Amino acid sequence: MPFCYSPWTNIDISPMGEITPCCKFQKQYYDQQFNIQTHSLSDYFNSKLIHNIKQEFHNGDWPAGCERCRIEESTGIESKRQLDYTRWKGHYDSYDLANSKFITTSIAFGNTCNLKCITCGPYSSSRWQKEYHDLYGKDIPHFKFYKKNFVQDFIAQAPAIVHLDIPGGEPFLSGIDEQKSLLSHYVATGQATNITLHYTTNAQIFPDEEWWQLWNHFKEVEIQLSIDGVGKRYEYIRFPASWSALVDNVSKYQHIQSSNLKLSVSHTVSAYNIFYIDEFFTWCYTIGLPRPWLGRVHTPQYMRPGVWTNPGRQIIIDQLQTSQHSDVLTWTNLMVNMDESEFFNEFKTKLQAHDRYRNTNFNITFPELADYL
């Protein structure tokens with residue numbers, strides 16, 4: 001029977017201000033939706049939406065919005081639900097479900113970003129705006145920050161958090177003043193020593209001294225390096241990132257002497273890089289980075305790793321099965337059991353459109369897969 005604490009203990013505020021139980025939640029299945037620009041956190045907590053989701057978990061059912069975790073668990077991939085329970089077990093096991101006060105939170109502080117990763121889009125990255133308009137005729141606003149007095153409102157609703165996740169956009173570009181105001185509040189009140197911070201960064205920017213001075217007061221600061229490939233494949237997926245800049249900044253992080261700093265790595269698995277997961281794991285181990293966390297692209301659907309048709313699909317499965325890394329072998333199950341080839345033609349069409357627009361070349365960058373498009 002599935003059970004997730006996030007509807008009780010966690011709140012996620014996306015780059016566009018949407019409020020959900022967690023970053024994996026699929027809000028499109030629900031008529032009732034919330035945004036920090038138009039709703040208070042109290043509106044969200046007391047909503048029928050959250051009440052119904054909690055009830056479904058009490059009944060041992062998967063809510064529709066939780067399909068990402070359901071799918072991952074069904075294929076043997078460790079889901080966010082499971083990862084969260086492992087990390088916060090002590091807090092969860094003593095948590096009073098009647099309390100309904102959140103203790104962990106994720107705040108994106110807007111969608112300002114310096115990259116337009118091919119697996120991303122304009123809702124999470126401001127750099128995507130022009131390309132998205134030119135190719136699809138849609139204008140998505142640059143969401144610099146949610147609203148005035150957000151920090152004060154948030155502090156009032158979150159008097160005792162133990163964890164703050166700041167994913168971005170790019171967190172070292174999005175809502176900087178508001179971020180530092182919030183962190184300074186926790187330093188001034190002495191709460192910082194009980195709070196862990198988690199940043200997800202593309203590592204093209206190295207934080208300046210002011211950040212480090214603030215972070216010194218917190219219990220732990222985890223910098224998660226979001227890297228989706230090696231060399232030219234990294235630069236293609238994380239366009240227009242520089243591989244050399246990434247390597248330099250990774251080295252700087254590795255040489256930081258700080259007792260409360262923790263480095264981690266995330267790798268978003270998509271139709272672009274599913275063949276190359278072993279290559280990425282090998283690179284991480286070679287330079288001394290920790291074991292990467294692998295997350296599957298869910299949207300857009302046409303970029304999911306399971307879109308490949310045969311014989312390309314079988315070539316990918318064969319490649320994954322040669323890996324010496326158990327985490328890589330797990331993804332064989334997904335490729336065998338998750339046939340999403342109905343989206344393959346859309347993947348191919350949009351890949352070619354973005355290649356023309358960006359002057360990039362999939363066939364040269366991913367030669368092992370080029371013959372199967």
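Start with lysine 180. Its relative accessibility is 13%, so lysine 180 counts as buried. Buried means under 20% relative accessible area, exposed means over 50%, and partly exposed is in between, with a 1.4 Å probe and protein chains only. This is a predicted model: local features need pLDDT of at least 70, side-chain atom pairs count only at pLDDT 80 or more, and totals for chains, interfaces and linings use all residues. Residues are numbered from 1 along each chain as its sequence is written, and side-chain values use heavy atoms, with hydrogens and water left out.

Which residue forms a salt bridge with lysine 180? Glutamate 210 does, with the closest N and O atoms 3.0 Å apart. Lysine 180 sits in helix 8 (residues 176–188) and glutamate 210 in helix 9 (residues 209–215), so the pair ties together parts 30 residues apart in sequence. Glutamate 210 is partly exposed, at 44% relative accessible area.

The rule for a salt bridge: a side-chain nitrogen of Lys or Arg within 4 Å of a carboxyl oxygen of Asp or Glu. Helices are DSSP runs of H or I, at least four residues; strands are runs of E, at least two; both are numbered from the N terminus.

Next pair. Arginine 304 bridges to glutamate 340, closest N and O atoms 2.8 Å apart. Arginine 304 is in the loop between strand 8 (293–296) and helix 13 (312–321), and glutamate 340 is in the loop between helix 14 (326–337) and helix 15 (344–358), so this pair ties together parts 36 residues apart in sequence. Buried or exposed? Arginine 304 counts as buried at 9% relative accessibility. Glutamate 340 counts as buried at 5%.

Now a pair within one helix. Lysine 350 and glutamate 346 form a salt bridge, with the closest N and O atoms 2.9 Å apart. They are four residues apart in helix 15, so about one helical turn separates them. Lysine 350 is partly exposed at 22%, and glutamate 346 is partly exposed at 33%.

There is also a network: salt bridges link Arg87, Glu220 and Glu222. The salt-bridge count comes to 17.

Last, the whole chain. It has 17 helices and eight strands. The radius of gyration, over C-alpha atoms, is compared with a globule rule of 2.2 Å times the number of residues to the power 0.38. The chain's value is 21 Å, close to the 21 Å from the rule for 373 residues, so the chain is as compact as a globular protein of that length. Buried residues make up 56% of the 373.
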